[in-house]
Amino acid sequence: MNKMIPSRSIGVPKPLIDGPEKMTGKAMFAADFQAVDALVGRILRSPVAHASIVAIDTSKAEALPGVRAVVTEADCSNNHGVLPIAMNEWALARHRVRYRGEPVAAVAAVDVATAQRALDLIEVTYEELPAYFTAAEARAEGAMVLHDDKPGNIEREVEFDLGDVDAGMAAADLVREMDFHCAEVCQAQMEPHAAFAEYDAARERLTIRPSTQVPFYVHKMLARVMGMPESHIRVIKPHIGGGFGCRTETLQSDLIAGLLARKARGTVKLVLSREETFITHRGRPETHIKMKVGMKKDGTITAVDFSAQQRGGAYSGYGIVTILYAGSLIYGIYDIVSARFKGYRVLTNTPPCGAFRGHGTVKTRFAFENLIDGMATELGLDPFAVRRANLLVAPTMTENDLLVNSYGLDQCLDWAEKASGWKQRKGKMGPNKGLGMACSHYISGASKPKHWTGEPHATIHLRVDWDASITLLTGAAEIGQGSSTVMAQCVAETLGVDMGRIRVVAADSALTPKDNGSYSSRVTFMVGNASIDAAQNLKALLIAAAARKLEIAPEDVECLGEVYRGGQQDQGLTFEEVVMEALTGEGTLAVKGTYDTIPESWGGRKYRGAAIGGTMAFSYAAQVVEVTVDPDTAEITVNKVWVAHDCGKALNPLAVEGQVQGSVWMGMGQAMSEETRFHEGLPLHANMLDYRVPTIIESPPIEVGIIEANDPHGPFGAKEAGEGSLTGFLPALTNAVADAVGVRATELPLTPDRLLELLEKKARDERAGVSVSGKLA
Amino acid sequence: MEHLPEMHLQHPATVEEAVKLHAAAPASRYLAGGSDLLVNIRRGIERPDSLVYLNGIAELHTITDGLEQISIGGAVTLRELAESQLLRKPFSAVAQAAGKVAGPSHREYGTLGGNLCLDTRCVFYNQSEWWRAANNYCLKYRGDICHVAPGGKKCFAAFSGDVAPALLLFDAEVELAGPDGRRRIALAALYRNDGMDHLTMTRGELLVAVHVPKIPAPVRTGYAKSRVRGSIDFPLAGVAVRLGLQDEKIADLRIGLTGVSPLPFLVRGLDKFVGRKPDDACLEELREVVRGQAKAMKTTLTPPHYRRRVAGALAQKLAESIF
């Protein structure tokens with residue numbers, strides 16, 4: 001009867017607990033909510049890239065029968081932004097528009113046709129201003145500033161110079177420098193942005209269901225922009241169709257839905273089109289990188305000197321953080337003794353960029369791993385040997401004060417080398433086939449939260465009632481990555497109970513404790529630890545109850561998950577019996593668990609902004625990509641990818657495998673086909689035909705090796721699993737192409753037309769007698 | 001995706017009834033698979049108040065193996081075309097082209113008639129109403145400027161159907177029905193070199209069938225398509241090749257192109273290859289001829305240089321691989 005061993009939940013492949021709803025179509029996404037009286041919201045967007053708004057006349061729209069609300073900036077109490085130090089965006093443009101497609105006004109009407117007619121009736125008078133679509137144009141002398149407090153259109157200039165770079169370069173046997181250019185990319189998540197907002201006019205309260213990764217930030221910004229008490233807002237996160245970072249800040253559509261619902265004193269559904277979702281952007285910025293590396297003959301890196309210029313778009317958003325990451329995370333993966341960085345985040349008349357999976361690190365890592373691959377060729381070194389010559393030894397602090405407590409890159413390299421048959425196959429692939437490799441890493445959450453209030457980093461509530469079910473209440477946003485599942489696993493493992501006993505209620509501000517949200521791969525680490533803490537606190541209560549009932553000392557109670565007993569001969573108490581005893585005289589149990597990061601992980605102070613990069617633990621990844629290039633059409637086929645990811649203890653190996661494959665696949669899109677393109681600030685790419693996300697045809701088999709270099713602070717030793725593997729694909733691909741056809745791509749995406757140009761140039765050079773045998777320019 | 005406006009949907013049972021219903025409404029359009037038309041309606045490129053739905057008309061769904069020709073109804077789906085046993089050698093190019101249109105779900109709905117009458121495409125045209133208005137529209141729709149070739153008065157929007165160049169290899173004819181009855185014209189005559197108005201059909205005409213004459217000579221055909229992704233995408237360049245050899249020399253050679261100009265067309269000047277051995281030098285020359293006539297313009301995000309070059313490369317590869 002009584003199961004006499006604790007159930008295991010950690011390290012066991014578990015299907016995600018919200019799978020059945022998604023598989024059967026029962027899961028409700030923001031656009032699925034219906035109400036009899038729901039109004040349709042629509043947004044009027046700027047047709048011009050940069051202009052003063054001279055006048056907005058909404059009177060005709062307001063007079064149209066069926067229109068229930070028209071809102072403009074006049075309805076906003078304040079501006080907003082994700083970084084407390086850089087709030088300069090308005091839900092609806094105030095006095096000026098700064099990119100084509102920026103929201104200017106919005107309407108709520110009884111149906112979509114009326115809403116569209118109302119938009120057509122709004123008259124906006126613009127006085128056009130000079131517009132800048134590249135970082136270089138925006139930085140040019142005499143360029144008009146987009147924001148008065150940002151001279152030169154520089155959002156942030158970052159500079160550091162650690163160690164002795166000049167001496168390092170002088171000591172090197174080989175110094176190489178190259179320029180790299182990476183296009184801007186969008187997340188192109190499955191679900192377009194949407195929000196369902198209900199305003200309770202009698203009580204002056206708002207309930208909103210936005211498609212967000214950060215319900216807490218949306219809550220804060222709604223209160224700020226709508227001028228409402230925070231206590232009068234309820235944010236309920238529905239199911240989310242992907243985020244990948246574009247929903248890690250409050251979007252205008254979230255705020256506009258709230259503004260419309262209040263003004264209409266009713267319910268508003270606002271669903272953006274795919275084009276509008278692309279225009280909202282918050283993806284990875286177009287970036288120019290200069291990368292210079294000094295290397296010894298044995299592959300040891302002596303110095304890195306690099307710069308990055310990002311086209312940030314029209315508003316600050318996450319910009320400061322992105323450009324800081326682009327510099328700071330040169331560290332944390334290899335033993336870098338000296339590095340110099342200069343970074344510019346530039347404001348331009350294009351949609352604002354944001355935090356895209358692998359935030360800030362991807363393009364720098366692409367440049368670095370691409371450059372050292374060529375240097376390895378020049379020095380006659382194997383690319384794996386070059387990486388092995390520069391490994392860190394944990395525990396350590398990097399030169400810029402990043403804490404590295406666990407480090408499995410060496411094991412990742414071993415796995416990828418063996419699984420891909422690198423030693424046997426490299427150099428023997430035959431014409432137009434090649435192998436390339438690269439490494440990457442990522443943080444397990446930023447250690448210092450943006451909104452520093454003194455609260456713990458994460459809080460979990462567990463509720464246990466007479467039915468002996470355990471309700472886990474968390475503010476963490478399940479966005480398809482499996483966060484709710486991982487928390488249930490952590491609690492189940494700690495208590496030894498079956499996961500079926502646990503019900504997760506996530507991200508409803510009326511019910512669940514606050515959480516900062518799902519971004520920077522923080523949830524497993526922070527919220528996982530809080531879940532363990534909560535479960536331990538609950539377990540202590542249950543053990544005390546069992547001890548009372550068994551009339552023994554608590555330390556003599558043996559907890560077997562579903563059974564608590566005094567000794568081997570004891571039949572023990574069922575979980576239900578223990579719960580009833582615990583409730584006696586107490587009532588329903590409500591316990592809490594929290595987690596806080598340690599100050600050593602908060603990053604450095606050696607330069608302004610050095611805290612960005614600080615994390616409790618880094619994940620590591622190494623991957624090998626095999627390609628075939630068609631020399632006539634320059635089409636690249638990725639035959640296979642072998643990727644090893646060190647995520648510490650793999651709490652849910654099934655979910656880890658999915659996350660790693662998804663990361664590699666997303667990196668593949670960025671490396672090979674995805675890019676935004678603008679015509680005078682108008683997005684040419686704002687649909688799924690012209691924004692070329694790979695299809696299943698392009699998707700190669702991705703073999704995943706899970707490496708478990710457990711972190712001493714991680715939940716059961718776990719670290720990040722959802723981002724780190726993305727980055728390595730980009731350089732591994734260009735390195736593989738270089739191996740296959742002898743041309744080194746420095747511009748992404750490496751579309752067939754770009755590769756063809758490289759191949760044609762190579763052919764011309766060869767005809768002209770220029771040696772191109774693996775030498776870098 | 002923008003919202004779909006309200007429209008009347010008509011369900012005729014015969015071709016003649018369809019023509020009559022179409023004539024009765026001032027702004028009506030024929031609807032078959034809808035994979036192109038409905039997207040264009042959502043984008044405001046097309047604004048019909050009435051749709052005449054053709055899929056209930058039995059005649060349009062038949063494939064007939066006649067003595068001298070194969071006849072394919074206009075509403076035969078692209079999947080049916082791709083899988084048809086009648087379109088094996090020497091008609092392989094037609095089945096291959098149909099099988100390379102968009103993705104599997106599009107081919108389930110998309111029809112032969114729809115693919116042949118596909119509107120021309122351009123990155124400045126296939127955008128939302130808001131987008132086109134913000135860009136002052138274009139020659140093809142409401143505007144007076146071409147953003148592809150500013151200053152010009154010609155529209156370069158590219159014909160992007162895959163099946164037409166394959167059918168051109170066989171002197172196919174199309175049967176049209178309209179208010180004035182039925183007529184049969186060469187498929188080549190269905191098109192004109194004008195991105196704004198590339199179909200010669202008159203108002204109210206619909207494509208009833210395609211008639212493909214059987215060919216006696218032992219020729220082989222194939223279709224190749226350049227696209228960034230192996231599914232979904234329209235052709236950056238599409239190439240259909242027909243090649244017949246006699247005594248190891250070229251006896252019959254035709255090449256059809258799509259995606260590189262406002263109409264699908266047969267490459268000119270291939271007579272000079274007849275009688276030659278299809279050796280490397282010959283095929284290199286062929287490649288250059290095709291490349292020279294594939295005059296792609298900046299109508300896609302992929303640059304014209306690549307599309308011209310890849311059209312030649314695909315023609316060469318196909319000619320090499322067919323035999």
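This is a predicted model: local features need pLDDT of at least 70, side-chain atom pairs count only at pLDDT 80 or more; totals for chains, interfaces and linings use all residues.
**Pro395(A) and another proline**

I started at Pro395(A), which sits in the loop between helix 11 (383-388) and strand 16 (396-397) of chain A. Helices (H or I, at least four residues) and strands (E, at least two) are DSSP runs, numbered from the N terminus. I then looked up the peptide bond from Ala394(A) to Pro395(A): it is cis, with omega near 0 degrees. Residues are numbered from 1 along each chain as its sequence is written, while chains are lettered from A and ligands numbered from 1 in the order in which they are written.

In chain B I found a cis bond from Lys89(B) to Pro90(B), with omega near 5 degrees. Pro90(B) is in the loop between helix 3 (78-83) and helix 4 (92-99) of chain B.

**Positive phi**

His281(A) is not a glycine, yet its phi is positive, about 55 degrees. I found it in the loop between helix 8 (274-280) and strand 13 (286-295) of chain A. Is His281(A) buried or exposed? It has 27 C-beta neighbours inside 10 Å, so it counts as buried. The cut-offs: buried is 20 or more other C-beta atoms within 10 Å of the residue's own, exposed is 12 or fewer, partly exposed is in between, and C-beta atoms are placed from the backbone.

Ala468(A) also isn't a glycine and has a positive phi of about 65 degrees. Its loop runs between strand 19 (458-464) and strand 20 (470-474) of chain A. With 18 C-beta neighbours inside 10 Å, Ala468(A) counts as partly exposed.

**A loop in chain B**

I picked Gly269(B), in the loop between strand 12 (265-266) and helix 9 (280-293) of chain B. It has 9 C-beta neighbours inside 10 Å, so it counts as exposed. From its C-alpha to that of Asp280(B), eleven residues along the chain, I get 19 Å.

What angle do helix 15 and helix 16 (residues 575-583) of chain A make? Their axes cross at roughly 90 degrees and come within 8 Å. That makes the two helices roughly perpendicular. For the terms, axes are lines fitted to C-alpha atoms, for helices over the stretch in contact, and angles run from 0 to 180 degrees between N-to-C directions. Angles under 35 degrees count as roughly parallel, over 145 as roughly antiparallel, 65 to 115 as roughly perpendicular and the rest as oblique. Among the residues that meet, I noted Leu541(A) and Ala545(A) in helix 15 of chain A, and Val578(A) in helix 16 of chain A.

**Where the chains touch**

Last stop: 26 residues of chain B are in contact with 27 residues of chain A. Helix 10 (304-322) of chain B gives the most to chain B's side, with five residues.

Technical notes
Two residues are in contact if their C-beta atoms, placed from the backbone, lie within 7 Å.
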